[in-house]
Amino acid sequence: MSQNPPMLSLSKHCPALSAGWTFAARKGQSFDKLGMVGLGLMALICIVAGPKAAAARDVAASDPVDTSVTIYRAPYRNGGSIQLNNLGGFAVVSETRRVTIPAGKHRLRFEGVVDGIIPASAIVAGLPGGVIEKNQDSALLSPSALMRAARGKVITLKRTDPKTGKPVVVSGEIISASQDGVIFKTAAGNEALRCSGLAETFRYDTNAQGLSARPTLSVLTSSPRSITAMVTLTYIAEGFDWSANYTAQLNPDGRTLDLGGWITLANGNSISLGNARTQIVAGGLNRAYVAKFINQQPQVIARCWPQQRTHEVPRKPERPYELVSPWLGEDYEMYSEEMDGIAGFSRNKSVMPPAPMMVMAAPPPPPPPPPPPPEQLGDLKLYRVPQRTTVAAMGMKQTRLIEQRGVPYERIYTARVDAYPWMRDDSRNAVTVLRTSNTKANQLGLPLPSGSFLIQQDQWGRAMMVGTPDLRDTAEGEKVELRLGSAPDVTISRKVVLRESKNEKHEIAVANAGDQAITVEVEVGYLGTWKIAESSQPLKKDGAYPKFVLTVPANETVTVGLTVKEQ
C-alpha cells in the first residue's frame, strides 16, 4: 500500500512523522514491514507527546459590556464615617463580557477585575466546556515589579558623564533591587542607581513576561468547538463599604420636616466599576472569616544613601495669615435694621455692601421621581440606586436614596433622674428630641439604614444647623428619635425631702424658661431592691424605666413627687 490516510492525518500534528513521509515521497520508495514499524513508533511518540503540543493558549475576554455591583456594609460599623484606607465591607460584582474561544483547551483571561477579588468565589456562566481551574494573576505591572523582573538581566542605562557633562549610554546588569536601593553591574564595576547626583534613566530591553497591567483572573477551559459568546463572571471582592447620610429641613410651621437620604459608596480598589447597576444591602450579615493569601512584594525604590534628615532640609518661607471679613449677604440689612432698637447694638453702615437690585427668582425645579422601594433579601433589605452610576477607584461618591416631604414630627424634651438611695440633690438640662414614627401615615413607612443626620432650619433666610444626631437601623413601623442636644431653657432638678433608712421621698421640678408650652418626659431610674412605691403623677412604662410625661406651660415650673422604698 503506497499511502496510509490515517498516518497522513496524524503526520499533520507530528513533524517527525511528516518528515518521514516527505522523505519517502521524494525517494519514490515503498516501505517494507520494518519501515512501517519505524513509522508506527514515530506515531506512538507523537501520541505520547500530544498533550505538550496541545498546551493551553491565552485568550483574553473583552472589557465588561455590562456591570452590576451589590455592596454590603462592614458588619462592625453601625453607621459612622467611612475611612477609605480601611474599608471592612465587600461587594458582589457581576460582569458580562464577550469571548471568542477556538476549539481546544485555552486559558481565558478576564483583565480588569477588582483587585480585592476572592478567586475561590468566582463563577463563570456561559462557557460550553465549563471551568477546569481558576487563578488570580497578582503580578501587576509596576515600576517595582519591572525592576524585580529585570534582576539578572541587562538593561540600557542613559546617564550623564561627570567629566564631560554629556549623556552616555551604557549596558548594566541589575544584581539587586529592593526598598533599600538598586545595584547594577557595568564594565566599570558595581554601582548604585541614582547616586551620582546627575540625571539617570534606564530602558528595559526585554519584555515584561508574567506581568499584567491590570488585575486579572484566568480560568482554564476546554471547548469542543470554536465559539463566540457572552459570558457572565460573578465574584466577591473586598475593599468596599457604604453609609447613609440624611438631611432634615425643619419647616416654618414647626410641625413638619423635609427628609432627604443619601448613600455614600466607597471603593478602595484600583479598578473602577463604570456605569454599573448598583445596589446596597442593609442589615447585619454573618460572614465567616476568609483566609487570604498575601503575596505583597516590597516596593523597589531607586534611591541613594545616606539620605538627608528632616532638620537638614531648609524650610521654604511661609506666607503670613490674612484675616478675611465674611460676606453677610443682602438679608443682613433687614436683620440689622430690627437690631438697631436693641440697647448695646451698633453697626457701621459705611462698610456694608450696596444692596443688589431685586430680580425675579427662577421657579424651583420639579422634585425628582422617588427611588424604587426597598426589597426583602432574606432578613436583609436591598436598596436599588435609581440610576446607573460609576463606583470610582479609590474614591467615594453620594447618590440619592430617599426624598420625603412634609414628614410630621413632635418636639419633646427628655431627661433621666436617678432616685437612688443616699444620693445628693442634682440639676440638669433636658435634651431636645424630634420624634416621629416610620409609617406611611407619617410620609415614611420604609426601612431606614443607620447613618448620620444633618438637621437645619431657616434663620433670616439662611439654613442654620441645629443638630447632627445619628440614626440606628430603623424598620418600618418603629419609632424615630433624633436627639439634637441640650436645651438650656428646660431644667430638671431633683432633691430629697425625706430620708429614712428604708424610705426616701424625692421632689422633681421641671422649669420651662421658654415662651411656649412644652412636653417633657422625665425617666426615673431606681437601684436594686429599691422600688418606686408612690408618685404624685401617673408613671408611663414603655421602656426600661418608668417616666413622667408632663406638659409645662411657658415660664412656669411643674413639680412632681415620688417615694422609693427598699423591698
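Which residue forms a salt bridge with arginine 277? The first legend gives the partner; the model shown in each view is a predicted one.

**View 1. Salt bridge between arginine 277 and aspartate 66.** In this predicted model, arginine 277 pairs with aspartate 66, and their closest N and O atoms are 2.9 Å apart. Arginine 277 belongs to strand E15 (residues 273-282) and aspartate 66 to strand E2 (residues 66-72), so the pair ties together parts that are 211 residues apart in sequence. Arginine 277 is partly exposed, with a relative accessible area of 37%. Aspartate 66 also counts as partly exposed, at 22% relative accessibility. The total for the model is 19 salt bridges.

**View 2. Arginine 405 with aspartate 258 and glutamate 403.** Aspartate 258 and arginine 405 form a salt bridge in which the closest N and O atoms are 3.7 Å apart. Since aspartate 258 lies in strand E14 (residues 256-267) and arginine 405 in strand E19, the pair ties together parts that are 147 residues apart in sequence. Arginine 405 also meets the side chain of glutamate 403 in a salt bridge, at 3.8 Å from N to O. Arginine 405 is partly exposed, with a relative accessible area of 48%. For glutamate 403 the relative accessibility is 26%, and this residue counts as partly exposed. Elsewhere, salt bridges that share partners join Arg435, Lys479, Glu481, Glu521 and Lys547 into one network.

**View 3. An open sheet of eight strands.** The strand order is E28-E30-E26-E25-E21-E20-E27-E29, and the pairing is mixed. Strand E28 (530-535) and strand E29 (547-552) stand at the edges; each has a single partner strand, so one side of each is left without a neighbour in the sheet. From one strand to the next, the twist averages 35 degrees.

**View 4. Strands E20 and E27 side by side in the sheet.** Strand E20 (residues 410-418) and strand E27 (residues 518-525) run parallel and are joined by six bridges. Tyrosine 413 has valine 520, in E27, as its bridge partner.

View 5. Neighbours within four places in sequence aside, valine 431 is in contact with Ile412, Tyr413, Thr414, Arg483, Gly485, Ser486 and Ala487. One of these contacts, Tyr413, is the residue whose bridge partner in E27 is valine 520. The C-alpha atoms of valine 431 and leucine 484 are separated by 7.1 Å, while the two residues are 53 residues apart along the chain.

**View 6. Methionine 394, a residue with positive phi.** Most residues other than glycine have a negative phi. Methionine 394 is not a glycine, and its phi is positive, near 50 degrees. The residue lies in the loop between strand E18 (389-391) and strand E19 (395-408). Strand E19 is also the strand that holds arginine 405.

**View 7. Glutamine 443, another residue with positive phi.** Glutamine 443 has a phi of about 65 degrees, a positive value although the residue is not a glycine. Glutamine 443 lies in the loop between strand E21 (426-437) and strand E22 (451-459). With a relative accessible area of 37%, glutamine 443 is partly exposed.

Definitions and conventions
Residues are numbered from 1 along each chain as its sequence is written. This is a predicted model: local features need pLDDT of at least 70, side-chain atom pairs count only at pLDDT 80 or more; totals for chains, interfaces and linings use all residues. Side-chain values use heavy atoms; hydrogens and water are left out. Two strands pair if DSSP finds at least two bridges between them. Helices (H or I, at least four residues) and strands (E, at least two) are DSSP runs, numbered from the N terminus. Axes are lines fitted to C-alpha atoms, for helices over the stretch in contact, and angles run from 0 to 180 degrees between N-to-C directions. Buried means under 20% relative accessible area, exposed over 50%, partly exposed in between (1.4 Å probe, protein chains only). A salt bridge is a side-chain nitrogen of Lys or Arg within 4 Å of a carboxyl oxygen of Asp or Glu. Contact means heavy atoms within 4.5 Å.
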